[in-house]
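Please keep the sequence and the model open while reading.

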Amino acid sequence: MHRVIKPLIFLLCLLPLVLLSINFYLDELGANPFEVLTRSTGEWTLRFLLLTLAMTPLRQLTGSAWPLRMRRMLGLFSFFYVCVHLSTYLVLDHFFDWDEIIKDIIKRPYITFGMLAFTLLIPLAITSTNKMMKRLGRRWKSLHKLVYLIAILGVLHFLLLVKADLREPIIYALILLVLLAARLKPTLLKKHSFNPN
Ligand code: HEM
């Protein structure tokens, strides 16, 4: 069954970018299309990060193995979307003006946090293959725990960039808090999980 579901979920994960591209092409992204591109790809990066983190608790809640089979793909989609997000910033916001970009990274804390999160995601993406998993052994698990720090940095990035209405980043922060709590206290979920036996 998951042979059908996995490719379907893969296509579903690509859908936000496809829709954004179509709307960009059709000039349907409003008065500031570049801003919409940067913001939506940023939001999708964060959504995929949180979805990735939700897979282990979901496995504990449902007792099913399929969430773990989706985890790597969702994590890689988060990396994919952050690459697009960063590209929009480098190309559309600054057009490779490296002096400006470096100044921005140093001076604006939300860019510092975003850049840090992106940098930490690189080793996770590189080591996401089965081969690397085997090669790193127990160190692989420790390394991939960085995803929690990356999600915290991503939420901080969002909280710091918003000027007035904090509601949306606070919702993401609360979701992250629940996921962190589930990680720190997995027994909470185990006690309430469905056990078919
Ligand atoms: C894991 C890493 C990252 C995550 C999760 C992330 C997430 C986000 C989110 C959620 C937004 C706000 C979307 C909205 O306003 O609705 C955003 C905006 C933005 N991000 Fe990121 N981002 C990340 C990395 C980066 C990096 C590396 C850069 C550039 C160095 C960057 C630059 C920006 C910019 C310029 C904006 C728009 C700010 C504005 O419109 O005022 N982000 N990002």
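Where is the kink in α3 centred? The kink, of about 30°, is centred on R72, the bend at a residue being the angle between axes fitted to the seven residues ending there and the seven starting there.

## Basis of the model

This is a predicted model, in which local features need pLDDT of at least 70 and side-chain atom pairs count only at pLDDT 80 or more, while totals for chains, interfaces and linings use all residues. Residues are numbered from 1 along each chain as its sequence is written, and side-chain values use heavy atoms, with hydrogens and water left out.

Helices are DSSP runs of H or I with at least four residues, numbered from the N terminus. Because the expected span is 1.5 Å times one less than the number of residues, the 28 residues of α3 (residues 66-93) should span 40 Å, and the 39 Å between its end C-alpha atoms agrees. Just after α3, F95 takes a positive phi of about 35°.

For α2, the 30 residues should span 44 Å, and the end C-alpha atoms, 41 Å apart, agree with this. A kink of about 35° lies at M55 in α2, shortly before the proline P57, and G63, just after the helix, has a positive phi of about 75°.

## The ligand shell

Polar contacts are pairs of N or O atoms within 3.5 Å. A polar side-chain atom of R39 lies 2.7 Å from a ligand oxygen atom, whereas a side-chain N or O atom of H85 is 2.7 Å from a ligand nitrogen atom.

Technical notes: Helices (H or I, at least four residues) and strands (E, at least two) are DSSP runs, numbered from the N terminus. A polar contact is a pair of N or O atoms within 3.5 Å; within protein, one must be able to donate a hydrogen and the other to accept it, and residues adjacent in sequence count only if both atoms are side-chain atoms.
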